[in-house]
Amino acid sequence: MPGIEKLPLEETLEDSPQTRSLLGVFEEDTAAISNYCTQLYQAMQRIYDAQNELSAATHLTSRLLKEYDKQRFPLGGDDEVMSSTLQQFAKVIDELSSCHAVLSTQLADAMMFPISQFKERDLKEILTLKEVFQIASDDHDTAINRYSRLSKRRDNDKVRAEVVEDVYTSRKKQHQTMLHYFCALNTLQYKKKTALLEPLLGYMQAQISFFKLGSENLTQQWEDFLGTIGTSVQNVRREMEEEVGQMQENIQQMERSCDPLYAPCDPDPAHSPVCRNLTRKQGYLYIRNKTGLVSSSWERQYFFTQGGNLMQQGRGEVAGGLVTDLDNCSVMAVDSDDRRFCFQVTSFDGKKVVTLQAESRKDCEEWISTINNISRRIYLSENAEELAARVNQTALEAVTPSPSFQQRHESMRPSSKGRTGRTSSISSVGSEPSPALSVLSLDALVAPDTPIQFDIISPVTEEISGQNKAAAQPGRRSNPFGESGDNAAEDSEDSILHQLFIVRFLGSMEVKTAESADVISETMRQILAARAIHNIFRMTESHLLVTCDCLKLIDPQTQVTRLRFPLSSVVHCASHQDNKRLFGFVLQAAGGRGDSRVVCYIFESNNDGEKICDSIGLAKQIAFHSEMESKAVEKKKEQDKAKEKQQEELNKQRQIEKDLEEQSRLIAASSRPANLPTPDGQFLVLSSSQSEESDVGEEGKKRGESEA
């Protein structure tokens, strides 16, 4: 007989949509077999029960056997040997339709028992396994949904352990149930042949024994044919038993080898390292779909890469659908509020953004590496994985600094230790150098062996010394991490401009010059290339506060200032030419030996980077005008003080002149007589006050003469 179609047991753990589709074909075949077996059983039951209608029942059986070619079995429909055999059986049964129906006992043992066993035991067992598999699959989906909804902020070890154990148990149960279900379906492909042939063989043997092998209808040729059919049935049964034994061994071996794969996350990352040379990958991921302006939902789909495209396929679907084009795309790990292990794929034109969630950190990093390799079109080469490994190794050697230069870089770092931030993946799409770079060499902007700093470490030593002075004051609490807290808020209270932006620190590196604005573009290119090559998939998120005095990086959770850049030291600020979310600024800070160091800082924002650059420029303008106004106010105060001083001196001089006049007037009044005659012969009478003053003057004059 021709080969038997079988379900692959090796694909039960992956549970891909292709496997589910193939399983659906087998289930459809099982339903067709069950339907056909039911009809055949009813026909034979009529033979057994209706002795008077034996001829009609035998004729119906013959007709059903003749209609075997018209049955549309999804599997094994083109079995010509089986079809021709059944046609010959139909011919013989049609000839025996007029015989007696006294064979009830022999028919019950030889004809009805095999097909009853196949119908009542084998088919019902498959239906039971199907229900158990459906329940196990639903339990696994529930467990994996609960695992994926684990909160990143409220991490509970007990809850996480329970959820992981639930995923392990449900996945193991689903795998084992699926293995036994597949084994039963594969066995059914053998049993359906024996279940159809054995009842007919028993029926014919009963007829032969009834006619004592001497019937004119049963010749030696028919006996040889029946012997051949019996031998074929025995061979099929023997082959089925061998296949069942081999499948049982494979099930046991796969259960032992797949036990570590039931857990969603690998407990030992060193046991299974991340493979970064893949150009093809498939597996289940969660995709975020927008359901409203601010609401979204997550849906679990089967994703796979096909050439330069990312495809998705749901359960029950025959083919996958296109999600996005991966050529020249960008991929980055993102921090989600309610999900872990998320990454984001952005098309080359930036119009389509897809957010996906992997099952583990290893799976997330492998997806990011695979999409990065596809974005570089490495999959078009013959040996794609070897080329990807060679490209990654070459880029790694090109970017990794030498040990001597690394030691020198460590010695140039400040003594203060900043908070070590976490890094994240960034876009691998860069921009071409500007026309100014064709004139100005890239080596004149950034040194080739300049190390890149991916963590937030404050290079400003003045702030640390100021914090140490503040910590020395009595009654003031010092921050052991070298960060500023309340004093940063007090410094920015008088500022006119307060703008807050959410940014993520990508990296910083020392540059040679601060005169050219193209140094920011070159620094962006080197930092993005280094992150993509080293597969650094995390970055520190902070709040950038722009004021008229300085730029501050604030921790969003503790509200503690991580870095403070004086606005006067910011020389240039610009955004990326293609990806406007990337921006950077050049900081010129004084070194420890009196020389100045020029450092370029690169960030990624949620908003447009040009807005942040405009805000920094506005802050510098406001600071400039504020400085000019403060100088004018101080100058006016000095002028007012000079006028007040001059007015005081003038008042003093006037008071002295007034006192001298009063004194001279009194002296002149005291030297005159009491009543002086007027020219008209009248006397001038002084007032009482004048007379008193004259008396006082005379007494003072007499006293002065006596003293003299």
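Which residues touch the most other members of the largest nonpolar core? They are Leu65 and Met204, in a core of 56 residues, where a nonpolar core is a set of buried Ala, Val, Leu, Ile, Met, Phe, Trp, Tyr and Cys residues joined through side-chain atoms within 4.5 Å. The structure is a predicted model, in which local features need pLDDT of at least 70 and side-chain atom pairs count only at pLDDT 80 or more, while totals for chains, interfaces and linings use all residues. Residues are numbered from 1 along each chain as its sequence is written, and side-chain values use heavy atoms, with hydrogens and water left out.

- Because domain 1 (17–71 + 78–217) and domain 2 (220–256) both give residues to it, the core lies between them; the domain bounds come from an automatic or database domain assignment.
- A second, separate core has 30 residues, including Leu285, Val323, Cys342 and Val345.

**Salt bridges**

- Side chains of opposite charge can pair when their charged atoms come close.
- The count comes to 23 salt bridges, each being a side-chain nitrogen of Lys or Arg within 4 Å of a carboxyl oxygen of Asp or Glu.
- Arg20 forms a salt bridge with Asp15, and their closest N and O atoms are 2.7 Å apart; both residues are buried, a word that means under 20% relative accessible area, with exposed meaning over 50% and partly exposed in between (1.4 Å probe, protein chains only).
- In another salt bridge, between Lys281 and Asp363, the closest N and O atoms are 3.3 Å apart, and this pair links distant parts of the chain, with Lys281 in the loop between helix H6 (220–257) and strand S1 (282–290) and Asp363 in helix H7 (residues 361–375), 82 residues apart.
- Lys281 and Asp363 are both buried.
- Arg504 and Glu604 meet through their side chains in a salt bridge of 3.5 Å, N to O, which joins strand S8 (residues 499–510) to strand S14 (residues 596–605) across 100 residues.
- Arg504 counts as buried because its relative accessibility is 11%, and Glu604 is buried with a relative accessible area of 2%.
- Salt bridges that share partners join Asp15, Arg20, Asp141, Arg300 and Arg315 into one network.

**Aromatic rings**

- The whole structure holds 11 aromatic pairs, where rings of Phe, Tyr and Trp (its six-membered ring) pair if their centres lie within 6.5 Å, and planes under 30 degrees apart count as stacked, over 60 as edge-to-face and the rest as tilted.
- Tyr36 and Tyr68 have ring centres 6.2 Å apart and planes at 65 degrees, so the pair is edge-to-face; Tyr36 is in helix H1 and Tyr68 in the loop between H2 and H3, 32 residues apart.
- Phe583 and Phe603 form a stacked pair, with 5.7 Å from centre to centre and 20 degrees between the planes, and both are buried.
- Phe505, Phe565, Phe583, Phe585, Tyr601 and Phe603 form one aromatic cluster.

Definitions and conventions: Helix = DSSP H or I, 4+ residues; strand = E, 2+ residues; numbered from the N terminus.
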